[in-house]
Structure formats: structure tokens, C-alpha cells
Amino acid sequence: MSAASTRRPLRGATTGPAVLAELHKLATVRSTWWFTGGAAAAMLAIALLASDDGDPATALAVPIATQAVSNFVQFILGALGIVGVTGEFASRSITVTFACTPSRTRVMVAKALVVGGAVFAAGFAVAALGVGVAAVRFDEAAGIGAAEAADVAAMGLYLALLAMLGLGLGTLVRRTAGALAILVVLLVMVPELLGFAARKFGLAWLETAADYTPAPAGWQLMSGRWEYALVLLAWGGGAVAAGAWALKVRDV
Amino acid sequence: MPSAPPTPSFTGMIRLRHLTKRYGDKTAVDGLSLELEAGAVTGFLGPNGAGKSTTMRLILGLDAPTSGSALVKGVPYAELERPLRTVGALLDAKAVHPGRSGRDHLRAMALSQRIPLRRVEEVLETTGMAAAARRRAGTYSLGMSQRLGIAGALLGDPEILMLDEPVNGLDPDGVRWIRTLLRSLARQGRTVFVSSHLMSEMEQMADRLVVLGRGRLVADAAMADLLAGTGTAVRGPALQPLADAFDSAEWSGPDELSVAGVAPEEVGARAHELGVLLHGLAPVEPSLEESYMKLTEQSVEYAADRTGRAEEGGTT
Ligand SMILES: Nc1ncnc2c1ncn2[C@@H]1O[C@H](COP(=O)(O)OP(=O)(O)O)[C@@H](O)[C@H]1O
Ligand SMILES: [Mg+2]
């Protein structure tokens with residue numbers, strides 16, 4: 001029957017065009033470049049302004065860049081992940097996206113790959129900029145090697161997974177401001193509150209739980225504990241999966 | 001006459017079966033069954049809030065029906081591979097990211113369907129948007145947005161076109177352009193489904209009219225049938241014998257008579273027989289507006305909406 005022949009064949013074979021479309025969309029809105037530029041500017045400012053702690057024995061370049069990621073860059077690139085989907089809800093162009101690619105899962109996978117890949121690249125570049133500038137400033141350039149490159153990659157990976165978390169939150173909440181508020185609360189307040197409660201009530205497991213929230217896990221990852229990438233993957237992947245589920249059960 | 005498919009050359013490109021959509025306790029579409037055939041422009045008419053946009057969203061799978069089904073060429077829209085090659089839709093002209101240029105908006109759509117990017121330039125030309133293609137969509141007027149939306153609908157060279165109020169925001173030139181475009185697309189054998197809340201827009205565009213009121217099918221008729229039933233207007237100094245000769249004759253002025261449902265030839269012949277002097281004899285087509293009223297008269301609950309719509313129609 002002709003009906004059968006128009007049915008969708010292999011799933012994997014057709015995610016490619018959706019990825020290309022998402023990549024094109026990401027590259028053709030100014031906000032992408034503003035966020036990336038803002039992240040670079042924040043990193044550069046910290047790398048230029050951070051002060052020497054007075055001990056000539058400690059290397060400063062990587063810790064300074066890590067600080068900049070934790071204090072500024074993570075919010076900016078996390079917001080990039082959010083806006084990648086909330087911008088479509090705000091303009092209603094999400095209806096065009098689904099008219100083009102009716103499978104909600106396929107759209108979500110394409111967006112996650114594109115946001116993850118782009119933010120990894122941007123995060124890696126921004127981190128490398130910070131480490132490089134700080135290394136020159138503190139006369140550490142000679143000491144930059146594979147270990148520092150791995151640290152920079154860890155920063156890129158953390159930021160990429162965080163952007164995926166932002167994407168998932170943005171899909172669930174559909175509003176930029178709401179998703180951003182949740183992300184900030186999750187990154188800043190939740191670990192603080194858990195730690196506070198842990199000390200107040202003497203519950204060590206709350207302290208452990210705090211370590212598994214995104215920001216502390218990211219700190220661990222950027223300190224060379226790569227197993228924390230799995231924790232962040234669970235956050236990012238879980239949020240994206242929840243977003244895909246919400247798209248499936250909700251009207252657009 | 002209503003509800004029977006008007007043409008035998010019927011292929012069921014879009015098939016709605018008992019389609020129902022409720023939002024909370026509001027029923028937007030209520031048991032709508034409909035089949036759209038190829039090679040014709042089907043006008044989808046109804047006042048604001050009748051459920052036209054919801055029906056179109058259900059066809060595209062943007063909203064899930066509460067019950068019933070909407071099939072495109074026998075399958076749900078979501079199961080079409082590269083759907084823009086089968087259905088080109090314009091639901092909301094303003095649904096474009098304001099920061100992205102018109103060209104980039106279309107390019108993203110083309111990439112998602114493996115449509116060559118040169119096709120984007122073609123549809124930009126067709127819709128007269130080539131000059132504005134580099135501007136950010138947020139700067140477009142409603143008319144330009146409609147043209148960009150139509151460019152998007154044409155992008156995949158689809159067999160089915162579905163346009164929700166495409167005439168909104170267009171100037172008279174634009175309205176004429178859409179009318180000509182849709183007529184020619186239908187002549188190429190495509191299925192064209194176009195909604196409006198104004199009867200006047202449909203008059204020279206649609207082959208068939210489907211009228212929706214409060215989510216329900218109110219009427220479904222071929223345009224030719226609606227416009228059939230020509231009457232005659234006569235003018236003359238002493239028309240009384242003619243007024244007596246036809247049951248349907250009515251005075252429309254001191255020396256003017258209108259004879260409904262009778263062709264000018266017959267009225268002229270009768271005048272000649274009776275020796276009545278005529279100063280004027282002309283055919284009168286019932287306005288589509290009147291036919292529309294007649295069509296929808298049966299639907300009592302629709303009456304309130306109809307007057308609302310008629311007022312809007314009057315201002316255009
Ligand atoms: N997402 C929605 N949530 C709640 N009510 C809706 C929604 N979409 C449409 N409606 C309601 O359904 C009815 C039909 O709306 P719509 O399909 O937009 O009509 P039309 O396009 O004919 O003007 C209206 O009463 C509208 O308020
Ligand atoms: Mg509408």
C-alpha cells in the first residue's frame with residue numbers, strides 16, 4: 001500500500017538534515033555571537049585583572065581560568081543553551097521547526113548535538129584564551145603543556161554539558177527568564193543550601209548530594225577528575241530527555 | 001447539498017475523520033470530517049474563533065487531537081519523511097525568529113529537508129522577497145512576513161498547500177497576487193487549502209467552500225453552486241404587468257424590478273410578449289455574501305457569530 005511506502009524508514013539516517021538546520025539557525029542569530037563574545041570578554045577581563053597570590057611556586061593560569069568559568073562564563077554559555085530553544089518558543093518559530101522535523105525526539109537530539117558541540121568549541125576557545133593570557137601575564141607560558149590542554153578541554157566539556165542542561169530546562173520551561181532563574185538557582189543556591197543543611201543537621205549525605213549538583217561536579221571535572229563528566233552528562237542528558245518528553249506530550 | 005463532496009475527481013489528499021480538539025472545557029474543533037481533493041482551491045471559512053487555525057495545527061501534528069484523526073496522503077503528517085515536500089504550510093506569518101534574516105530562515109528550512117539552497121533564491125524571487133531577504137525578519141511588515149511565509153510554503157514544491165489567512169496584512173496588489181498564485185497552483189493539480197474569516201476574500205479564489213462555525217462543519221459546497229441561480233433586474237416606466245407575471249418579482253425602486261431565479265432571456269421575452277417598454281435589462285448574480293447567509297441559516301447556534309462576521313465583512 002502507498003501509505004506504507006511513505007512511512008519513516010531508519011531513524012538515524014535522517015537526523016543529519018535536522019542537525020544541519022539547527023547549526024544554521026544557531027549561527028544566524030546575533031545572540032549566539034553576543035554570548036560567545038561576552039564569555040570571551042569576561043574570561044579576558046579576569047585573566048588580565050586577577051592578582052598574583054604572592055607565592056611564585058604555584059601556577060596561576062589554569063586556576064584563574066577555572067575561576068572565570070565558575071564565576072561568569074558558565075552562566076553566559078548556559079544561557080546560550082537556554083536561548084537556543086526559548087528563542088523559538090518566544091517567536092513561535094518552533095512551529096516551523098516541527099513542521100520541518102515532526103519527530104520531537106529528532107529535533108531535541110539535533111539541538112543537543114549542535115548546542116553541545118558549539119559550546120564545547122566556544123568554551124574550549126574561551127578557556128584557552130584565559131589560560132594563555134594569564135600564563136603570559138604571570139610568566140608561565142613555558143610551563144604550558146598537555147596537562148593544561150586537558151584542563152582546557154575539561155572546561156569546554158563542562159560548559160558543553162551545562163549548555164545541554166540549559167537546553168533541557170529551556171524546553172521544559174519555554175521561557176528564557178524562568179529557565180535562567182532555575183539554572184542559576186541550581187548552580188549557585190542548591191549546593192549552598194545543601195551544604196548549609198548538612199552542617200546544621202549533621203547529615204553527611206546531604207554534603208555528598210551537594211557534590212553531585214552541576215557546579216561542584218563541574219569544579220571537580222575542571223580539577224582533573226574526569227569521572228565527574230558522567231555526573232554532568234546525567235544532568236545534561238536527563239534535562240534533554242525530559243525536554244524531549246515534554247515536547248512529545250505537549251501541544252506546541 | 002451541504003456535506004456531500006462536490007466533485008467526483010476526488011482523491012482525499014487530506015482526510016479528517018471526526019477530528020475533535022478540546023482545550024480544557026473549550027471545544028475548538030468538534031467532530032470535523034472532511035476530505036480535500038487535488039486540483040482545487042478549498043476555502044476554509046468561518047469567523048474568528050471558529051477553529052480554522054486549530055484544524056490546521058492538528059493536520060500538521062503541532063497539536064494532538066483529543067479524538068479523531070487527520071491524515072495527509074493516508075498517513076499522519078508526523079510520518080512523512082521530509083514533510084515540506086508534501087505539505088507546504090503557512091500558519092502564522094510572524095512565527096519567524098526576529099533576529100534571523102528571511103533568507104537564513106528559509107535556508108534552515110531547506111537544510112532540514114535536503115532541499116538545494118538555490119531553491120531558496122527561487123522562492124524569494126517568486127514571492128518578491130529577494131530584495132528584503134538579507135534583512136532581519138523582525139523588521140518586516142506583516143505583508144512581507146506573509147510573503148516570506150508563502151515562500152516557505154512553496155519551498156518544497158509540495159503537492160498540498162495549506163495557508164491560514166494568507167491575505168491578512170497584504171495590500172490590494174498582494175491580495176491579487178495571492179489569488180492568482182493559488183489559482184495557478186490548483187491548476188497545476190495541487191491541493192490548496194486556504195482559510196479566511198472574510199467571505200469576500202474567497203469569492204474569486206476558491207472552487208469549494210467549507211464553512212466552520214464553533215468548531216463544526218456548517219456548510220460544504222462548490223462555489224459554482226453557491227453562485228448559481230441568476231436573477232434579472234429590469235428598469236422601465238410601466239413595469240406592473242411584468243411584476244404580475246413573475247412570482248419572484250420584487251420592486252427595488254419606483255421603476256425598477258428584480259426577478260429572482262429567472263434568466264434575463266426569459267424576462268426579456270415575457271416583456272416583449274406583454275408589450276412592456278424596458279429601459280434596462282441585466283443579469284443579477286446573488287452576492288456570495290447572501291449565499292453564505294443562506295448556507296449558514298440552518299445553523300441556529302451559528303447565528304450570533306454570523307452577524308459578527310458580517311460586520312467585519314462590511315468594513316473591508
Ligand atoms: N492553545 C489553545 N488553548 C486554549 N484555547 C485555544 C487554543 N487555541 C485555540 N483555542 C480556542 O479555540 C477556539 C478556536 O480557535 P482558532 O482555531 O484559533 O480559531 P480561528 O482560527 O478559526 O479563528 C477559540 O475559541 C480559541 O480561543
Ligand atoms: Mg485563526
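First, the ground rules. This is a predicted model, in which local features need pLDDT of at least 70 and side-chain atom pairs count only at pLDDT 80 or more, while totals for chains, interfaces and linings use all residues. Residues are numbered from 1 along each chain as its sequence is written, chains are lettered from A and ligands numbered from 1 in the order in which they are written, and side-chain values use heavy atoms, with hydrogens and water left out.

**Select chain A**

Switch to cartoon: chain A has 11 helices and 0 strands. Helices (H or I, at least four residues) and strands (E, at least two) are DSSP runs, numbered from the N terminus.

Now zoom out. The C-alpha trace of chain A spans about 75 × 45 × 30 Å along its principal axes.

Chain A exposes about 11300 Å², with carbon and sulfur atoms supplying 70% of it (Shrake-Rupley method, 1.4 Å probe; for residues, only the protein chains shown count as cover). Buried residues account for 49% of the 252 in chain A, where buried means under 20% relative accessible area, exposed over 50%, and partly exposed in between (1.4 Å probe, protein chains only).

**Select residues 146–173 of chain A**

That is helix 7, with 28 residues. From first C-alpha to last it reaches 40 Å, close to the 40 Å expected at 1.5 Å a residue (that is, 1.5 Å times one less than its number of residues). How many residues of helix 7 are buried? The count is 21 of the 28, so helix 7 is largely enclosed by the rest of the structure.

Step just past helix 7 to R174(A), which takes a positive phi of about 70°.

**Jump to chain B**

Most residues other than glycine have a negative phi. With that in mind, pick D157(B): its phi is positive, about 50°, although it is not a glycine. D157(B) sits in the loop between helix 4 (142–154) and strand 6 (160–164) of chain B, and it counts as partly exposed at 46% relative accessibility.

Last stop: E165(B), in the loop between strand 6 and helix 5 (172–187) of chain B. E165(B) also has a positive phi of about 50° without being a glycine. Is E165(B) buried or exposed? E165(B) is buried, with a relative accessible area of 11%.
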